Amino acid sequence: MKIAIVGASGAVGQEFLKILGERPLPIDELLLFGSQRSAGRTYRFRGRDLTVRLLQHNDDFRGVDFALTSAGAGTSREFAATITKHGAVMIDNSSAFRMDADVPLVVPEVNPGDAKNAPRRIIANPNCTTIQMVVALNAIERLSHITRVHVSTYQS
């Protein structure tokens, strides 16, 4: 399996790298992408040094199975076609596609099957506070139907 991380030098990208390193996934190749500022940095993954490539509109995503993206909504929108044009599934952590009818909004613990219907080969995830809430609400809903929820979040 060939995986790419877009935004590899950021906090979320670094967490992607850490988690992928901890899991026994059959990763044959891992590609790291970032901005002009991040390109050239190296990170250790499973005993190997990987260099961050500059994210560009080219064929660098040829052969990639999954691209985990967390580089901001603007970058996700700009590079979605480049990332998916050779068949990669883009799993986007930004707000770029959350309201698009043809992009499934997936929380794996709640609706993993929705990821199988991604006509644009893009899967979105909700905001971080929403993810935690729907996981808990899903468990409650299975016990008793929820009729109303009032939520306030305070984020910087």
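Visitor: How do the residues of the lining of the second largest pocket divide into nonpolar, polar and charged?

Guide: This is a predicted model, in which local features need pLDDT of at least 70 and side-chain atom pairs count only at pLDDT 80 or more, while totals for chains, interfaces and linings use all residues. Residues are numbered from 1 along each chain as its sequence is written, and side-chain values use heavy atoms, with hydrogens and water left out. A pocket is defined on a 1 Å grid over the protein atoms alone, as an open set of points where a 1.4 Å probe fits, with protein on both sides within 12 Å along at least five of seven lines; lining residues have an atom within 4 Å of a point. With Ala, Val, Leu, Ile, Met, Phe, Trp, Tyr, Cys and Pro counted as nonpolar, Asp, Glu, Lys and Arg as charged, and the others, Gly among them, as polar, the lining divides into 9 nonpolar, 9 polar and 1 charged.

Visitor: Which element gives the largest share of the lining of the second largest pocket?

Guide: This pocket holds about 230 Å³ of space, a volume being the space filled by probe spheres set on grid points that are joined across faces, edges and corners. Its lining has 19 residues, and the closest to the centre are Gly7, Gly10, Ser35, Ser70 and Ala71. Helices (H or I, at least four residues) and strands (E, at least two) are DSSP runs, numbered from the N terminus; H1, S2 and H2 each supply at least two residues of the lining. The largest share, 3 residues, comes from H1.

Visitor: How do the residues of the lining of the largest pocket divide?

Guide: The largest pocket has a volume of about 680 Å³. Its lining comprises 24 residues, and Phe16, Leu68, Ile91, Pro108 and Asn125 lie nearest its centre. Helix H1 (11–22), S5, S6 and S7 are the elements that give two or more residues to this lining, and H1 has the largest share, with 5 residues. The division is 19 nonpolar, 2 polar and 3 charged.

Visitor: Which strands are included in what covers the buried residues of H2?

Guide: Helix H2 (residues 73–84) has 12 residues and reaches 16 Å from its first C-alpha to its last, close to the 16 Å expected at 1.5 Å a residue, where the expected span is 1.5 Å times one less than the number of residues. Its residues Ala73, Ser76, Phe79, Ala80, Thr82, Ile83 and Thr84 are buried, that is, under 20% relative accessible area, with exposed over 50% and partly exposed in between (1.4 Å probe, protein chains only). Their cover includes strands S1 (2–6), S5 (66–69), S6 (89–92) and S7 (122–124).

Visitor: Is threonine 69 buried or exposed?

Guide: Threonine 69 has its place in strand S5. Beyond residues up to four places away in sequence, threonine 69 touches Val6, Phe16, Ser76, Ile83, Met90, Ile91, Asp92, Asn93 and Ser94. Since its relative accessibility is 1%, threonine 69 counts as buried.

Visitor: What is the relative accessible area of arginine 46?

Guide: Arginine 46 lies in the loop between strand S3 (42–45) and strand S4 (48–54). Its phi is near 50 degrees, a positive value in a residue other than glycine. Arginine 46 is partly exposed, with a relative accessible area of 38%.

Note on methods:
Contact means heavy atoms within 4.5 Å.
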